[in-house]
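Subject: Structure handover

Hello,

Here is the structure I promised to pass on. Please open it beside this email and follow along.

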Amino acid sequence: MILQALSQYYDRLLAEPDLDIAPLGFERKAIDFLIVLTEEGEFDGLRDLREGVGKKKKGRLTRVPKGVKRAAGVEANLLWDTSPYVLGHLLRVDKKAKLVYQGKGATKRLDISKSKKELNKMRKRLPQQRRAFLEKIETTFDDSEDIGIKALFRFLGQNDFTALYAHPLWREVEENAGNLTFALSGAELICQRPAVVKSISEQAKPEGGSNVCAVSGKLDDVARLHTAIKGVWGAQSSGANIVSFNLGAFRSFGKKQGHNAPVGEQTEFAYTTALNYLLASQRQRMQVGDASTVFWAKDPTDFEEIFISCFVQPAKGEEAVKYGKIRSLLHSVRSGVPGEEERRPFYVLGLAPNASRISIRFWYAGNLKEIKERIARFFEEIELVRSARDPEFLSLLQLLSSTATEGKIDNLPPNVGGEFARAVLLGGRYPSSLLANAVRRGKAEQRVTLARVSIIKACLVRNFSNNNQKEVSVGLDRNYDNIGYVLGRLFAVLERIQEKAQSGLNKTIRDTYFGAATSSPLMTFKRLDELSVHHLAKIRNSGQSITWFEKMKQEVFELIPPIGIPAILKMEDQARFAVGYYHQRQDFLNSKNTKAEKGGE
């Protein structure tokens, strides 16, 4: 299902005229330098395509013929590659007497003094590498009349690259050990010339094959190795695979590699190209915990742009635009999603690193109507009364970070982010570990934040609501008598009394007792009640009325059941404690309550 949906998305991308998507037989690859030739095949210049500054420079993603998977053998790419393949040139020795060369997907330095055998081995491979590069071009374009291919044949056939090596940029090529390709003067890349693209694409098309593709159901040759998927956070920089069989334990019936999961070459190209495109996109990719998440619709829709606004924290200055999109979405759900959207497919895929492979963290395949309603439900569940300085909507990153140590998303336990996103999209229960993490962080930091309480409220509403038990609301509920919620309110009232008695405090009872009051309320509240008697006396002795504070305290005490305050609270009641505390604190900011407090009435 996943590969099929991605293959269909590739067809959609290919049909969009303004999109530079790789056709069959091509891929987008980082190219560092461009060798410019005249139509006569003479060297005409060297261009640096890298983007960035200093050591952070990276090759520009460019549409080139699909690369090969290299292990130990000699195998060349078509019309682009590293210097040893393109020119038969061993990269230079740097100032530290170490040889700069291209290793398996990375630039490496070899200590020559300790590795002469390795150096000689590399030198012997140079003629083989260059010969493989030339033979691949000759085999593919043996009868081509394209002026670009002819110019390339003349240049490579000279075996004299003195002018190229004398170019000021050549030193950068040697130090970078990146990929090279060719272009004609004042024209496009040779590998992107229409005749060249047509020739490569036609040769890449299957001619029927003898196997049935498990995804498309058509006859095709089975893809033995699948193209690496790049851009998954935490995975290998050289890429990883969703479909991969490299050991006997993973195989069946004596089949090797891709034959264990017979995906046709055309389907393999389509799904890997589409997925790499999505992972490289800023518009259709987001990070949810350790899950690199991509999303798309089968047909073009504006919702692709709205979807990311619902979950990603807006940049400074863009809050109004993104919040406007969310409000518009919520309004459309309340007023009724148009009927034509009911069956329009929409997909969300979460990928997580797993050594040299990629694991599917979550997969959603539904329609626009369903996904819109589930997002609206999610926003209703996290909705809370808030102060004017708080953001109108919280991003997934803000919510998840609030449950992690030091507020760093990297400290979030594995799987939690993915499980949370799956619950939002599929409508299931939120992970119980998320609620526990939020409560624990609140006790550890002795602090309750909007994001943390929003997560707690959402978990309570979705996981614990039933016909017999009422759950927490958006704002203060004076009639809700759950013991955890009531004790949270009581703690907020006692803290307010302390603040009134000792103005200008840097530290309140929250900074000392919040964790203990949440976990072991019986002993803690006995001590806090004694303190409040002294605080009320101090307020009265200063000439101020304590009537309002006593009424507030009595109002909450009346909700405590006859059996009294329990010795401990279970996890969900500890969560309600945090919500009750937050609600009561927010209610104190209400202008009516502020006036009553100042007047003592």
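First, the ground rules. This is a predicted model: local features need pLDDT of at least 70, side-chain atom pairs count only at pLDDT 80 or more, and totals for chains, interfaces and linings use all residues. Residues are numbered from 1 along each chain as its sequence is written, and side-chain values use heavy atoms, with hydrogens and water left out.

**Salt bridges**

How many salt bridges does a search of the whole structure find? The count is 33. A salt bridge here is a side-chain nitrogen of Lys or Arg within 4 Å of a carboxyl oxygen of Asp or Glu.

Start with Glu555. Its side chain meets that of Arg478 in a salt bridge, at 2.9 Å from N to O. This pair links distant parts of the chain, 77 residues apart. Glu555 sits in helix α19 (residues 547-557), while Arg478 is in the loop between α15 (450-464) and α16 (483-501). Helices (H or I, at least four residues) and strands (E, at least two) are DSSP runs, numbered from the N terminus.

Glu555 also forms a salt bridge with Arg489, where the closest N and O atoms are 2.8 Å apart. Again distant parts of the chain are linked: Arg489 is in helix α16, 66 residues from Glu555.

Are these residues buried or exposed? Buried means under 20% relative accessible area, exposed means over 50%, and partly exposed lies in between (1.4 Å probe, protein chains only). Glu555 has 26%, so it is partly exposed. Arg478 has 34%, so it is partly exposed too. Arg489 has 0%, so it counts as buried.

Another salt bridge joins the side chains of Asp48 and Lys57, at 3.9 Å from N to O. Asp48 is partly exposed because its relative accessibility is 25%. Lys57 is partly exposed because its value is 31%.

**Arg285**

Arg285 is found in strand β11 (residues 285-288). It is buried yet has no salt bridge. Which side chain of opposite charge is nearest to Arg285? It is Asp290, 11 Å away. For charge, Lys and Arg count as positive and Asp and Glu as negative; His and the chain ends are not counted.

Arg285 does have polar partners. Its side chain reaches the backbone oxygen of Gly231 at 2.8 Å. A polar contact of 3.3 Å joins it to the side chain of Gln287. A polar contact is a pair of N or O atoms within 3.5 Å; within protein, one must be able to donate a hydrogen and the other to accept it, and residues adjacent in sequence count only if both atoms are side-chain atoms.

Leaving aside neighbours within four places in sequence, Arg285 is in contact (heavy atoms within 4.5 Å) with residues including Trp233, Leu278, Phe295 and Ile308.

**Gly366**

Gly366 lies in strand β14 (residues 357-367). Its relative accessibility is 18%, so it counts as buried. Not counting residues up to four places away in sequence, Gly366 touches Arg344, Pro345 and Phe346. Tyr347 is 19 residues from Gly366 in sequence and 6.5 Å away in space, C-alpha to C-alpha.

**Cysteines**

The whole structure holds zero disulfides, a disulfide being a pair of cysteine sulfur atoms within 2.5 Å. Cys459 is in none, and the nearest cysteine sulfur, that of Cys310, is 19 Å away. Cys459 counts as buried because its relative accessibility is 0%. Cys191 is buried as well, because its value is 1%.

Best wishes
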